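Hello,

Here is the structure I promised to pass on. Please have a look at it first, and then read on for what turned up in it.

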Amino acid sequence: FDLIYHLSKDGNIIENFSFYRNLEIIKNTIGENTHLFDTELQADYDYFHINSVQSMQNNRLSSDKIFEEGNWLLNLNHVNTILILDKKTKNILWSYKYEKSTGVHGPRMLDDGNILFFINNFEYLNYSRVVELNPVNNITVWYYEGTPKESFYTENMGFAERLPNGNTLITESSKGRVFEVTKDKKITWEWYNPILNEK
């Protein structure tokens, strides 16, 4: 079952958080209308598949207890849910579930307080999307898709990072492709892993 460990620089455990020990709290947050809580599943099932943890940096919303520096921003991949945990109590302060999609990866709090993340399969239509979400009102303020949409798709993995110049660096893992897009969604640079793309 998924555990998060906070380590010191010399490798000692400062604190940890167990999703198994807090299963009832998580169920109350994300709801039980999901196959993940089917009692017939094997005990070793990867309930949440936590694939990203960020200790949030100072940002435009840091004066709000929910978004203050040091809180934990993390992702539950198998239920497409992003959570923010209080840095001290580990209580859930905020959650967002991206409906009708599978495979959310790498949520990151940006300097302006928005959250950037990658979706493998958006709307179950076999194309990927990068989303920038305003967590105050849960409105998508920016997104990137391919043209045509199906041209940008990775069934698993994938990541997006906002660069200092305002562009977004995106990893399309299954194709071995890395590319950079502007705010108006123009590709400025791309690279393909030659090993994955050998003829």
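The largest nonpolar core in this predicted model has 18 residues, and those with the most contacts inside it are F67, L73, W94, Y98, F117 and I119. Five strands each supply at least two residues of this core: β5 (81–85), β6 (92–97), β7 (101–109), β8 (115–122) and β9 (129–134). The largest share, four residues, comes from β8. As background, nonpolar side chains tend to be buried together in soluble globular proteins.

For the overall picture, the protein has one helix and 14 strands. Of its 199 residues, 45% count as buried. Contacts between residues 24 or more positions apart make up 37% of those with a separation of 6 or more. The protein exposes about 11,000 Å², and carbon and sulfur atoms supply 50% of that area.

Next, strand β9, which I think deserves a slow look. Six of the six residues of β9 are buried. R129, V131 and L133 point one way from the strand, while V130, E132 and N134 point the other way, and all are buried. On one side in the pairing, β8 and β9 run antiparallel over five bridges, with R129 in β9 as the bridge partner of I119. These two strands form a hairpin with six residues between them, and E123 in the turn has a positive phi of about 60 degrees. Strand β10 (residues 139–144) is also joined to β9 by five bridges, again antiparallel, and here L133 stands opposite T140. The hairpin of β9 and β10 has four residues between the strands, and N138 takes a positive phi near 55 degrees there.

Now for the charged pairs. A search of the whole structure finds ten salt bridges. Here are some that I looked at:

- K65 and D86 form a salt bridge, with the closest N and O atoms 2.8 Å apart. The pair links distant parts of the chain, as K65 is in the loop between β3 and β4 and D86 in the loop between β5 and β6, 21 residues apart. K65 is partly exposed because its relative accessible area is 49%, whereas D86 counts as buried because its relative accessibility is 3%.
- K183 and E132 form a salt bridge, with the closest N and O atoms 3.0 Å apart. This pair also links distant parts of the chain: K183 lies in the loop between β13 (177–181) and β14 (187–192), E132 in strand β9, 51 residues apart. K183 has 44% relative accessibility, so it counts as partly exposed; E132 has 1%, so it counts as buried.
- E145 and K149 meet through their side chains in a salt bridge of 3.9 Å, N to O. E145 is at 11% relative accessibility and therefore counts as buried, while K149 is at 37% and therefore counts as partly exposed.
- E172, K175, R177 and E190 are linked in a network of salt bridges.

The loop that holds K65 has another residue to look at. I66 lies in the loop between β3 (50–55) and β4 (72–76). With a relative accessible area of 24%, I66 is partly exposed. Leaving aside neighbours within four places in sequence, I66 is in contact with M56, N71, I84, L93 and W94; W94 is one of the residues with the most contacts inside the largest core. I66 and K87 are 21 residues apart in sequence and 9.8 Å apart in space, C-alpha to C-alpha.

Finally, what makes up the nonpolar surface patch of about 390 Å²? L3, Y5, L7 and I13 form it, and the largest share, three residues, comes from strand β1 (residues 3–7). L7 is found in that strand and counts as partly exposed because its relative accessibility is 45%.

Key:
Residues are numbered from 1 along each chain as its sequence is written. This is a predicted model: local features need pLDDT of at least 70, side-chain atom pairs count only at pLDDT 80 or more; totals for chains, interfaces and linings use all residues. Side-chain values use heavy atoms; hydrogens and water are left out. Patches are made of residues with over 30% relative accessible area and no salt bridge: like charges are joined within 9 Å, nonpolar side chains (Val, Leu, Ile, Met, Phe, Trp, Tyr) within 5 Å. Accessible areas come from the Shrake-Rupley method with a 1.4 Å probe; for residues, only the protein chains shown count as cover. A salt bridge is a side-chain nitrogen of Lys or Arg within 4 Å of a carboxyl oxygen of Asp or Glu. Buried means under 20% relative accessible area, exposed over 50%, partly exposed in between (1.4 Å probe, protein chains only). A nonpolar core is a set of buried Ala, Val, Leu, Ile, Met, Phe, Trp, Tyr and Cys residues joined through side-chain atoms within 4.5 Å. Contact means heavy atoms within 4.5 Å. Two strands pair if DSSP finds at least two bridges between them.
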